[in-house]
Amino acid sequence: MRIGIVCYPTFGGSGVVATELGMVLAQKGYEIHFITYHPPVRLDLISSGIHFHQVQIEEYSLFHYQPYELALSSKMVQIVEKHDLELLHVHYAIPHAYAAYMAKKMLQEKGIDIRVVTTLHGTDITLVGSHPNYKTAVEFSINHSDVVTTVSNSLREDTYRLFDIKKDIEVVYNFIELEKYENHPLKGADCQRGSIATEEEFILTHISNYRPVKRAKDVVRIFAKVLEVKPAKLILVGEGPEMVDVKHLARELGVFDKIVFLGNSTEVDKILCYSDVFLLPSRSESFGLAALEAMAARTPVISTNTGGLPEVNVHGVTGFLSNVKDVDDMAKNALKLIESREVLNVYKQNALERAKEFSIDNVLPKYEAIYKSLVLTA
Ligand code: GMT
């Protein structure tokens, strides 16, 4: 099957899911065409079955905003025609589902019936998509996709609650490629923790894009409370608008020197290999792919109980859930996890066992069934 995948090529979870899905499909013999403005960060371009088509924007001074949707939908039409694609799978509604609808209409004029799957990822519904400035177009493009999926039950409910949706929405959870973690070259070789922390220190980790929705300053507050009781280090991975405030707060609380700032990284699996506790105190989170990646690396999770997080992180088993902003509770729970190495090892094993339920082997057949149902009825 020949499939076009449209996504954001950045470090965000939706782009990661789209990229990893495309790469696994290509390994299974699908012909995968990524259509984005930049090669996706986790894309291995030199692998068979993977093609990349860059959406280029002509800068024209008349425009205050360059018309990306026009360039994207034009590119989709060209690539569908040139490579005889059978289906477009767009990740993140804004503006991908809208551009796909336009491409579909343009292709219809040429006698081509392209099927469109839209996967909703989170903020395209909760924070951005339902804003009155975008809602009409987002609702329209969801209703005109052939199949709509969400990455959790919680996001499915949010979509029905926030929009007037006339279609069935199917939940297809995010997935993990466990082999990446299980066969990691560093596994069993103690992950060179020594380069990050002393033997007595526990390692807490947070990975995000440091947008306000992640509440990254709560990570520093939790860490400061943990440090009052246990020796520890905090690894911060990623970059984003709140990083300056995070550093400022870390200095204010006197914990700056105990934090390792790693910036954006494509080696998340190696970093998680060092970690003892993963912190995700988000205000809103449709799924929490970063938490799942941590669990796959045997790292239990301290998170909020918002959105889809309770569908991933099981309270008291793979970590703990707390109310948004309840820093005291999250710190208390983190201390429960690291009470002793023996206790921590139990949670670590539970985290891995839970992650296995989201293995690509369980999730991929769901996407494949959707693709087949659409292409065979075309
Ligand atoms: O969390 C972000 O800011 C990035 C965002 C994205 O769209 O790339 O992540 C969303 O999609 C991920 C993949 O499905 C989910 O795991 C994240 O929970 C979701 N983020 C939010 O809902 C805030």
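Hi everyone, let's begin with the layout: the protein chain splits into domain 1 (2–175 + 359–376) and domain 2 (178–356), with bounds taken from an automatic or database domain assignment. This is a predicted model, where local features need pLDDT of at least 70 and side-chain atom pairs count only at pLDDT 80 or more, while totals for chains, interfaces and linings use all residues. Residues are numbered from 1 along each chain as its sequence is written.

Taken over C-alpha atoms, the centres of domain 1 and domain 2 are 30 Å apart. How many residues of domain 1 are in contact with domain 2? There are 18, and they meet 15 residues of domain 2; contact here puts the C-beta atoms, placed from the backbone, within 7 Å. On the domain 1 side, H1 and helix H5 (153–162) each give at least two residues. Helices are DSSP runs of H or I with at least four residues, numbered from the N terminus. That side of domain 1 has seven nonpolar, 10 polar and one charged residues.

Now, the ligand. Its shell draws at least three residues from each of domain 1 and domain 2. Helix H1 (residues 13–27) gives the largest share, four residues. Of the 20 residues around the ligand, the nearest are Gly12, Gly13, Ser14, Gly122 and Leu289; a residue is near if its C-beta atom, placed from the backbone, lies within 6 Å. By class, the shell has six nonpolar, 12 polar and two charged residues, with Gly counted as polar, and Asp, Glu, Lys and Arg as charged.

Thanks, happy to take questions!

Terms used: Two residues are in contact if their C-beta atoms, placed from the backbone, lie within 7 Å.
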